[in-house]
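Q: Please take a close look at one part of this model, and then follow the side chains and backbone in other places.
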Amino acid sequence: MEIDEGLAVEVEAENGRTYTRVTAERLRELVLGLGGPGDRWLVLQRIPDLPDVFAQVWHESGGNYHLEHRLGARLLGAELSDAGRVADLMTGWARQEPDWDAGVAWTPVEPGPGKDAPEPPRKSADVVEELLRQRLHCGYDTRAELVETAVDHLVGSELEPLTRAQARALVDRLWAARIAEQRTWQGVTDPERLTRAFLALEAAGITARENFTCCRGCGLSEIGAERPGARGFVFFHQQSTESAAAGHGLPLYYGGFDGSADTTAAVGREVAAALHAEGLSTTWDGSPDRAIVAPLDWRKRLMG
């Protein structure tokens, strides 16, 4: 994944690459580069992703650009010949500019017949909803990942599992509610400060990973392969995230790759200093055998 501060969108390309927060210039390059085999379409989704809101374009060399955008039940399409105009329109959509689509001859696109998902059994829905709310509070899952979680959660249990359509409907409802809630958050949140600290550590040669693996043991066994040549590492795993989301603080695991207690302690001091530089506090006695715990107000904005 290519990360570039810019437009609040994620771009998926036919070649399998995704681009997060591309600049307007980079988006234009992607549009103008369409047409060859394996590179004929782009799909834009907002950050955070919103159910049934997207824009997409298809172009094959020698033909027009077929541009579509969807908002809820409305799917509209247009044929354009000017790649620059297409890039401008997609940039306007990404910026949510008023009247970004003015002057385009849009026509309805028939999405095909669909059926509303039947209501799932109440008890099944309650159990899955509780899990989804926890995952949404943690904040790292995409909508697609949450749908898979909802589909799989009750398989093999005494309760009737949700169908994919039921899972998608439940996820979209809870996702939209969480997005509405986070719109009320003001300023920079603690998880965003944490990300800034991790980026600074990465720049200083320390591998820093958020929500990395399921547990401490797996994280310690896998972190070395993340970035060969790093001086040290810091991470928190999925159970750490759940702890922070529940208000119990975020345990951070750190160390050096030479097995030295002195190196581990030195990395720990760098980690604590990076967090303090972003205005976060830590609880740690300086021992290389103890995790650093960061008491955070866990308001993690959804992304994917």
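Leaving aside its neighbours within four places in sequence, which residues is Glu79 in contact with?

A: This is a predicted model, in which local features need pLDDT of at least 70 and side-chain atom pairs count only at pLDDT 80 or more, while totals for chains, interfaces and linings use all residues. Residues are numbered from 1 along each chain as its sequence is written, and side-chain values use heavy atoms, with hydrogens and water left out.

Beyond the neighbours within four places in sequence, Glu79 is in contact with Asn64, Tyr65 and His66; contact here means heavy atoms within 4.5 Å. Glu79 belongs to strand S7, which covers residues 74-80. Strands (E, at least two residues) and helices (H or I, at least four) are DSSP runs, numbered from the N terminus. The side chain of Glu79 makes a polar contact of 2.6 Å with the side chain of His66. A polar contact is a pair of N or O atoms within 3.5 Å; within protein, one must be able to donate a hydrogen and the other to accept it, and residues adjacent in sequence count only if both atoms are side-chain atoms. Glu79 has 51% relative accessibility and so counts as exposed. The cut-offs are under 20% relative accessible area for buried and over 50% for exposed, with partly exposed in between (1.4 Å probe, protein chains only).

Next, the rings. Aromatic pairs are formed by rings of Phe, Tyr and Trp (its six-membered ring) whose centres lie within 6.5 Å; planes under 30 degrees apart are stacked, over 60 edge-to-face, and the rest tilted. By this rule there are 10 aromatic pairs. One of them joins Tyr140 and Trp298, with ring centres 6.4 Å apart and planes at 40°, so this pair is tilted. Tyr140 is in the loop between helix H3 (122-138) and helix H4 (143-152), and Trp298 is in the segment after strand S12 (292-294), so the pair ties together parts 158 residues apart in sequence. Tyr140 is partly exposed at 21% relative accessibility, whereas Trp298 is buried at 4%. Trp298 also pairs with Phe236, edge-to-face, at 6.4 Å centre to centre and 85° between the planes. Phe236 lies in the loop between strand S10 (232-235) and helix H8 (238-245), and 62 residues separate Phe236 from Trp298. Both Phe236 and Trp298 are buried. Elsewhere, ring pairs link Phe212, Phe233, Phe235, Tyr253 and Phe257 into a cluster.

Charges also sit over rings, which requires NZ of Lys or CZ of Arg within 6 Å of the ring centre and within 35 degrees of the ring normal. The charged end of Lys300 is over the ring of Tyr140, 4.5 Å from its centre. Arg46 lies over the face of Trp93, 3.8 Å from the ring centre.

Last, the backbone. Most residues other than glycine have a negative phi, and most peptide bonds are trans. Ile47 and Pro48 are joined by a cis peptide bond, with omega about 0°. Pro48 is in the loop between strand S4 (41-46) and strand S5 (53-59). Arg21, although not a glycine, has a positive phi of about 55°. This residue, Arg21, is in the loop between strand S3 (18-20) and helix H1 (24-32), and is partly exposed at 24%. Gln96, not a glycine either, has a positive phi of about 55°. Gln96 is in the loop between helix H2 (83-95) and strand S8 (107-108), and is exposed at 55% relative accessibility.
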